[in-house]
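Work through the following exercises with the structure open beside you. Each task is followed by a solution in steps.

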Amino acid sequence: MTALAAEARTLTPQPLRPRQLIALGDGCGLWLSGMGPEAAREAALGLADAGATALAVFGVAGALAPGVHSGTLLCPACVIDERGNDYHPAPAWREQLQRCLTASSVPFMAGGSLLSLPEPLLNATAKMAMRQRHMAVAVDMESAAVAAVASERRLPFVVLRAIIDEHDDDIPAALQAGIDAWGRPRPLDMLALLGRHPGLLAHVPSLSRRMRKATRALRTAATAAGMNLGRTAQGAC
């Protein structure tokens with residue numbers, strides 16, 4: 001499962017159909033969910049209902065810990081939600097994925113916790129507070145919802161994230177109005193937004209650069225681990 005179109009593009013050149021199963025070959029399928037836990041839960045249930053024998057979350061995340069740089073891959077040992085529930089990826093699958101990634105040239109972190117929240121953390125102050133509260137390495141909005149479905153359906157799961165924004169990066173909240181639920185720019189809305197707030201334009205190059213670094217890392221990971229992200233068991237991903 002991916003939330004963003006840019007994440008899905010690292011896995012397939014096929015036309016992207018949001019909220020539908022896209023066959024990738026080798027028994028693997030992709031679901032482009034859109035951002036947030038509700039969309040992620042819908043995706044996980046859709047994949048499970050379609051016969052998936054395991055679930056994977058693949059995409060970008062924000063760093064909470066200092067020293068975790070854009071473009072670093074993270075394969076967390078634990079996923080935590082805002083209520084303190086914790087979920088643990090399948091150990092054997094995670095270990096095999098780590099072995100695949102270790103052979104690649106991309107910076108890679110194994111272990112640590114990934115915090116999943118219903119809303120994005122867009123400034124350094126908010127990130128610091130969540131880091132102090134949960135001691136998580138990074139944050140996203142979808143992994144806990146997928147992990148919860150995996151637990152309900154008794155399916156193994158794994159998470160692979162590439163860091164996009166670092167712990168001290170600020171992202172203007174106003175820019176959210178210029179993209180859709182799948183992270184795709186809405187040109188007219190973006191132009192209108194920049195017209196009203198021209199100062200936002202200064203943030204666009206750095207955000208684009210970070211996204212390119214993260215998606216390059218994801219593409220390298222997919223090449224190194226395969227569409228099944230290192231899982232050797234037969235069946236859908």
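**Exercise 1.** Find which side chain makes a polar contact with the side chain of D180, and then describe the surroundings of D180.

Solution. 
- Step 1. In this predicted model, the side chains of D180 and R184 form a polar contact at 2.8 Å.
- Step 2. A polar atom of the D180 side chain also lies 2.9 Å from the backbone nitrogen of W182.
- Step 3. Decide whether D180 is buried or exposed. The cut-off for buried is under 20% relative accessible area. D180 has 14% relative accessibility, so D180 counts as buried.
- Step 4. List the contacts beyond four places in sequence: D180 is in contact with M35 and R186.
- Step 5. Compare sequence and space for one pair. Q20 and D180 are separated by 160 residues in sequence, and their C-alpha atoms are 17 Å apart.

**Exercise 2.** State where D169 lies and what its side chain reaches.

Solution. 
- Step 1. A polar atom of the D169 side chain is 2.7 Å from the backbone nitrogen of E166.
- Step 2. With residues up to four places away left out, D169 touches L122, N123, A124, K127 and R210.
- Step 3. The relative accessibility of D169 is 13%, and therefore D169 counts as buried.

**Exercise 3.** Determine which backbone oxygen the side chain of S104 reaches, and whether S104 is buried or exposed.

Solution. 
- Step 1. S104 sits in the loop between α3 and β7 (108–110).
- Step 2. Its side chain comes to 2.7 Å from the backbone oxygen of L101.
- Step 3. Beyond its neighbours within four places in sequence, S104 is in contact with T220 and A224.
- Step 4. S104 counts as buried because its relative accessibility is 16%.

**Exercise 4.** Describe how helix α2 and helix α5 pack against each other.

Solution. 
- Step 1. Recall what has to be given. Two packed helices are described by the angle between their axes and by the distance between those axes.
- Step 2. For α2 (residues 37–49) and α5 (residues 143–153), the axes come within 8 Å and cross at roughly 35 degrees.
- Step 3. The crossing of α2 past α5 is right-handed.
- Step 4. Name the residues in contact. From α2 these are P37, A40, R41, A44, L45, A48 and D49, and from α5 they are A145, V146, V149, E152 and R153.
- Step 5. Sort the contact by class: 8 residues are nonpolar, none is polar and 4 are charged.
- Step 6. Consider the spacing along a helix. An α-helix has 3.6 residues a turn, so residues three or four places apart point the same way.
- Step 7. Check how far α5 is covered. Of its 11 residues, 8 are buried; these are S143, A144, A145, V146, A147, A148, V149 and A150.
- Step 8. Look just past the end of α5: R154 has a positive phi of about 60 degrees.

**Exercise 5.** Identify which residues touch the most other members of the largest nonpolar core, and which elements supply this core.

Solution. 
- Step 1. The core has 35 residues, and F58, L73, W93, L97 and L160 touch the most other members.
- Step 2. At least two residues come from each of α1 (5–8), β1 (21–25), β2 (28–31), β3 (55–63), β4 (73–75), α3 (91–102), β10 and α7 (204–225).
- Step 3. α7 gives the largest share, 6 residues.
- Step 4. Take L73 as an example. Leaving out residues up to four places away in sequence, its contacts include L101, V106, F108, M109, L160, A217 and L218.
- Step 5. Another core lies apart from this one; it has 31 residues, among them V68, V137, A138 and V149. V149 is also one of the α5 residues in contact with α2.

**Exercise 6.** Give the phi values of R19 and D26, and state how exposed each residue is.

Solution. 
- Step 1. R19 is in the loop between α1 and β1, with a positive phi near 60 degrees.
- Step 2. R19 is partly exposed, at a relative accessible area of 44%.
- Step 3. D26 is in the loop between β1 and β2, with a positive phi near 55 degrees.
- Step 4. D26 is exposed, at a relative accessible area of 77%.

Terms used: Residues are numbered from 1 along each chain as its sequence is written. This is a predicted model: local features need pLDDT of at least 70, side-chain atom pairs count only at pLDDT 80 or more; totals for chains, interfaces and linings use all residues. Side-chain values use heavy atoms; hydrogens and water are left out. Axes are lines fitted to C-alpha atoms, for helices over the stretch in contact, and angles run from 0 to 180 degrees between N-to-C directions. Helices (H or I, at least four residues) and strands (E, at least two) are DSSP runs, numbered from the N terminus. A crossing is left-handed if the near helix is turned anticlockwise from the far one by less than a right angle, and right-handed if clockwise. Contact means heavy atoms within 4.5 Å. Ala, Val, Leu, Ile, Met, Phe, Trp, Tyr, Cys and Pro count as nonpolar, Asp, Glu, Lys and Arg as charged, and the others, Gly among them, as polar. Buried means under 20% relative accessible area, exposed over 50%, partly exposed in between (1.4 Å probe, protein chains only). A polar contact is a pair of N or O atoms within 3.5 Å; within protein, one must be able to donate a hydrogen and the other to accept it, and residues adjacent in sequence count only if both atoms are side-chain atoms. A nonpolar core is a set of buried Ala, Val, Leu, Ile, Met, Phe, Trp, Tyr and Cys residues joined through side-chain atoms within 4.5 Å.
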